[in-house]
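User: I'm new to this one. Can you put it up and walk me through it?

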Amino acid sequence: MDTLHSLALGILTAASPLNLLYGFAGVLLGTLIGVLPGLGPAGAIALLLPLALHAPPLAYLIMLFGITYGAQYGGSTTSILVNIPGEASSVITCLDGYAMARQGRAGPALGIAAFGSFIGGTVALVGVAFLAPALAELGLRFGPPEYAALLLFGLTALVYLAHGPMDKALLMALFGSLLASVGLDPVTGQPRFTFDILVLRDGVGLTPVVIGLFGVSEVLVNLHAHAGEIFQKKIKGLLPTLQDWKDSAMPITRGTVLGFLVGAIPGLNVVIATFAAYAVEKKISKHPEKFGRGAIEGVAAPETANNAASCSGWIPLLSLGLPTGSVTSLIFGALMIHGLAPGPLFIKNSPDIFWGLLGSMAIGNAMLLILNLPLIGLWIRVLQVPYYFLFPLIILFSIIGAYTAAGNTGDVVIVIIFGVAGYLMKKFAYEPAPMVLGLVIGPLLETAIRRSLIMSKGHVTIFFQRPIAAFFMGAALLMLLSPLLTRRRLGHDIIEKLEEP
Amino acid sequence: MKLEMIIVFLAVFGLSPALYGQGFPNKPIELVVSSSPGGGIDLIFRLLAEELAKTLKVQVNVVNQPAGAGAIAAEKVAGARKDGYTLLGSLLGQVATMSVANPKAPANLVRDFQPIAILHGYAAVIMLGRADAEFKNLKDVVSQAQKKPGDLIVAVGPVGTSLTLEVELLKRAAKIDITSLPFAGSAQAMTNLLGGHVNFAMASDVAAQPHIKAGKLIGLAVDVESAVLPDVPTFAKQGYPQVNLLASVAFLAPKGLPDPTVKILADAIGKTVEEPKLKENLKTRGYNIDLRTSAADLNKLIKEEIDKYSRFTPEDLGWKTQ
């Protein structure tokens, strides 16, 4: 009851005209940043940091928070319309979202992404209000061995990402992990595959690879197509139909829960939540073959999950004072400017800020829904822009986006290289999604395993002695072995392929 | 019409260099910061840049260029025009590290830079333990480590940072063996200490303070007296003066900057730091404000910095070339 009371008070605080104004500015800015590929919430917040000295603390923080979840709304827009993920967390939305757009169903895809985001964000918020301290403690129990086991379990999800041949998907995931090993060795600090090129010391960034692999390559593939071949001209509806809602209800529910849990574990990023949500839907779907060919579940689940995860991602920061990524570190800095040291006593010492922020997120999510629904009509007209205008614009935005993300010309080169690589991959039917998963999970898994082995002085038993690690190791084994029993799904493609002459 | 164009032409190409010399600064200054946006170092430069702009009455634009562990930013500024409009804002140790590891690199702290101002020991690195563990000070740590060489685990930062190197110095000075477990930074190291996965963690004092206040962690030693945790004794006081990689941030310009320009910039930075609101803000954030701008001081600090990092191999510093 106390929690509800505090939350209600928080909403009231956040509803004061000044806070509303800052909140609206934040979510609007967030949406725009989400739509632009490359530039992410971290870059935008960094630009706004100097304002911290002049703005009232709560209002300023409300704006920064608005940017972060606003970006999760906007990120899906370009994924669906032109196959360029606006944010890395919308990569997986490209698979089915863009397929839907090509079938003339961009409206329902954008609609379900907005509704799913709203539901995921709002439910996760209530979860944070009630469960933050307990979940924070749970998160602390994840040390390197637990991460390693959890990520290994996550990798088994890989097999559900592919809708083509499994061997090619595995090859791509391996290639992604290999690519992720470029740069400084995270444990010893020695350069790997850098060829003494300075920019490669930091590794191959996720953002430029994704922009090249999805956006630029899509333009190249379509260069030879005649107008009208790429998108069906007839637009079938602006909003999700009743059937769409029926199909999406459970994916949204599961996406919320999954996103919320993944987000609460420090160090797992939002991208992983979206991949996991997609994989779960495909696994339990009655028609997994529709995934990747415009299944609305494949848009609803990950878009819900990324909002839920970005909401619960605040738990480690707000209840323990531990920033877990670049965005949370920036907010940590912003709180420090105002002398509000986030730590274990933050909720107790600054309840007005904590509950005010939660309240603002409730209001902000509603604002975003109202803001985004009318925009759908506008966005889908983008698809009617003639290709000779649209395609150069996509390339232009891709390059600008890659550059602004880190102000690094090397990233532009990476975009172009992976644009061409993506083109060849499409021509030879290799899928990009497993590669992105390899790129995301590879380095996390590597550091987790190596740290674990340093802790145990080289004994592999560390992964099986600790309860949480042992649980996930068991689950991973079960996932890998299950196709032996069912012969369906997991190994289906491989078996089918082998049986071909 | 033609006359006007000639005037404009003269104003732009002919007269303006003379104006630059006299009226520095008369156009925006670019401050290239070699850290990612939002970190402690970026923040201090952003706060300073904003006040500096008011003092100098021109814009001071912060541009983050964290790629290549700061080497790209350093090269950019080292090769920039020597007119004071391009400055480097960096952790001094970062530039010292790359200069020590590879003296022939395109940007060398001693050869290519003119120091403008150094904020000496701007923040402290702290060694943390759990409040419920048996270690209450550095002595306990050393005696325990002597009994069980290699068994204790300390969570440190990335290779080449002071979070990691200071542990190496402690190991050398006390002749002990502790296992270093590298993480991405202070926050991750503390998370693993709070979760009980390691015995100690190295972190920044500001980030550690709330956890000490909450009674979860204790401070075992700091490398410089901390503004926010004055009770924690330094490594030196506990018998290990060798653990002394103090973090300093520096404004650096390309070498060969005219003396009057150096003076204008140094004076402006000195004035900026004294601005009451900013000073208060820096204090709240836990920064030590010990600004050095005299040429003698700056050269001494830079020499010390080079000497400190010369104790390590390029591998230790994370700058081994392939």
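User: How far apart do the C-alpha centres of domain 1 and domain 2 of chain B lie?
Analyst: They lie 29 Å apart. This is a predicted model, where local features need pLDDT of at least 70, side-chain atom pairs count only at pLDDT 80 or more, and totals for chains, interfaces and linings use all residues. Residues are numbered from 1 along each chain as its sequence is written, with chains lettered from A and ligands numbered from 1 in the order written.

User: Which residues belong to each domain of chain B?
Analyst: Domain 1 covers 26–122 + 247–309 and domain 2 covers 125–222; the bounds come from an automatic or database domain assignment.

User: And how many residues does each give to the contact?
Analyst: Each of the two domains of chain B gives 6 residues. A contact needs C-beta atoms, placed from the backbone, within 7 Å.

User: Switching topic: how many residues of chain A are in contact with chain B?
Analyst: 46 residues of chain A, against 44 residues of chain B.

User: Which helix of chain A supplies the largest share of that side?
Analyst: H14(A), with 6 residues. Helices here are DSSP runs (H or I, at least four residues), numbered from the N terminus.

User: What about H4(A) and H12(A), at what angle do they cross?
Analyst: Roughly 170°, with axes that come within 9 Å. Axes are lines fitted to C-alpha atoms over the stretch in contact, and angles run from 0 to 180 degrees between N-to-C directions. H4(A) is therefore roughly antiparallel to H12(A), a term for angles over 145 degrees.

User: Which residues of H4(A) make the contact?
Analyst: A:Thr68, A:Tyr69, A:Gln72 and A:Ser76.

Note on methods:
Helices (H or I, at least four residues) and strands (E, at least two) are DSSP runs, numbered from the N terminus. Angles under 35 degrees count as roughly parallel, over 145 as roughly antiparallel, 65 to 115 as roughly perpendicular and the rest as oblique.
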